[in-house]
Amino acid sequence: MVTEGLVVRSYSGYYYVDCNGTMVTCKVKGHLKQKRFSLFTGDRVLLETVSDDPGEGMITSILPRRNFLLRPAVANLDLLVITQALKQPDFSYLIMDKLLVLAEKAKVPVLIVLTKADLTETEQAERISSVYRNSGYQTFVISSLTGTGIDLLRKSLAGKVTAFGGPSGVGKSSALNAIQPGIARTIGEISSKISRGRHTTRYTELVPFNGGYLADTPGFGNVLLENMMPEELAGCFPEFRTYESSCKFSPCSHIHEPVCGVKNAVKAGRIAPTRYDSYLEIYEELKEYKERNRK
């Protein structure tokens, strides 16, 4: 019998596929092995099961992906929750903006969560959150300690395949446990069991949550954008699009051109200066990486 399912975990050549609530342990059928294929957590697949053991099957086909993140590898996300603390550690605009670029390039919808609101002045939290709300991102300010923002966040994740990502120490585990008590421990225990003592960020596990699935993916804290060309970067800052029609040159780098709608919007306060500063810094990093690899 051919069934469609969702890959929720993979390890040592075995794929664990959720088929409408039934977990099936699968291997890949021979004809797929004969050609190059990639199969990761989050992929939707077709599989064959046998009547005498419905708990085992063979994956026969990998269905087209809507999106894909490389590190850690996870496919078909409905939402990437980028998490960063407002304080302890101090908020970094550059880290947040790099993570947003990563998500934009992968075409993964984003929700921003700013944690530790209880440690932060309201004005500071509003100043940071407004930068991203004005850039078009849904942004939550939460406190796992007081419960601020938790109910709204929980509702926003219902029914979605979601991954949490961000730097270490920003309160991701506390946020996950505030959303559903014990879920961060469940994810951690699964990751430890899968990795058998090795670095757990190599694996992504989807755990059922509120009609959807949830994953904790610490690897998103290490942002490597080496696969991006400098000229692609502007397309990963969605607030630039409104003003690009006013640029004299096309394409426009929004850096050295004398007539640039994006630079004018920054001067007029319609684009946050912190976002533009991050754009300039990331552009230079990409440019330097490109030049190094030419040598």
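Lys 116 touches Ala 85, Lys 87, Gln 88, Pro 89, Ile 142, Gly 169, Val 170 and Gly 171, leaving aside residues up to four places away in sequence. The model is predicted. Lys 116 is buried but has no salt bridge. Elsewhere, charged side chains do pair: the whole structure holds 12 salt bridges.

**Lys 116**
- Lys 116 sits in a loop.
- The nearest side chain of opposite charge is that of Asp 118, 8.5 Å away.
- A salt bridge requires a side-chain nitrogen of Lys or Arg within 4 Å of a carboxyl oxygen of Asp or Glu.
- Among the residues that Lys 116 touches is another lysine, Lys 87. Two glycines, Gly 169 and Gly 171, are also in contact with Lys 116.

**The chain as a whole**
- The protein chain has 8 helices and 13 strands.
- Of its 295 residues, 49% are buried.
- Among contacts with a separation of 6 or more, 66% join residues 24 or more positions apart.
- The chain exposes about 14900 Å². Carbon and sulfur atoms supply 50% of that area.

- Side chains of opposite charge can pair when their charged atoms come close.
- Glu 4 and Arg 44 form a salt bridge, at 3.0 Å from N to O. Glu 4 belongs to strand E1 (residues 2–11) and Arg 44 to strand E4 (residues 44–50), so the pair ties together parts that are 40 residues apart in sequence.
- Glu 232 is partly exposed, with a relative accessible area of 33%. Lys 105 is partly exposed too, at 35%.

- Asp 151 and Arg 154 form a salt bridge at 2.7 Å, N to O. Both residues lie in helix H4 (residues 150–157). They are 3 residues apart, about one turn of the helix.
- Arg 154 is partly exposed, with a relative accessible area of 25%.
- Asp 97, Glu 239 and Arg 275 are joined in a network of salt bridges.

Conventions: Residues are numbered from 1 along each chain as its sequence is written. This is a predicted model: local features need pLDDT of at least 70, side-chain atom pairs count only at pLDDT 80 or more; totals for chains, interfaces and linings use all residues. Side-chain values use heavy atoms; hydrogens and water are left out. Helices (H or I, at least four residues) and strands (E, at least two) are DSSP runs, numbered from the N terminus. Buried means under 20% relative accessible area, exposed over 50%, partly exposed in between (1.4 Å probe, protein chains only). Lys and Arg count as positive and Asp and Glu as negative; His and the chain ends are not counted. Contact means heavy atoms within 4.5 Å. Accessible areas come from the Shrake-Rupley method with a 1.4 Å probe; for residues, only the protein chains shown count as cover.
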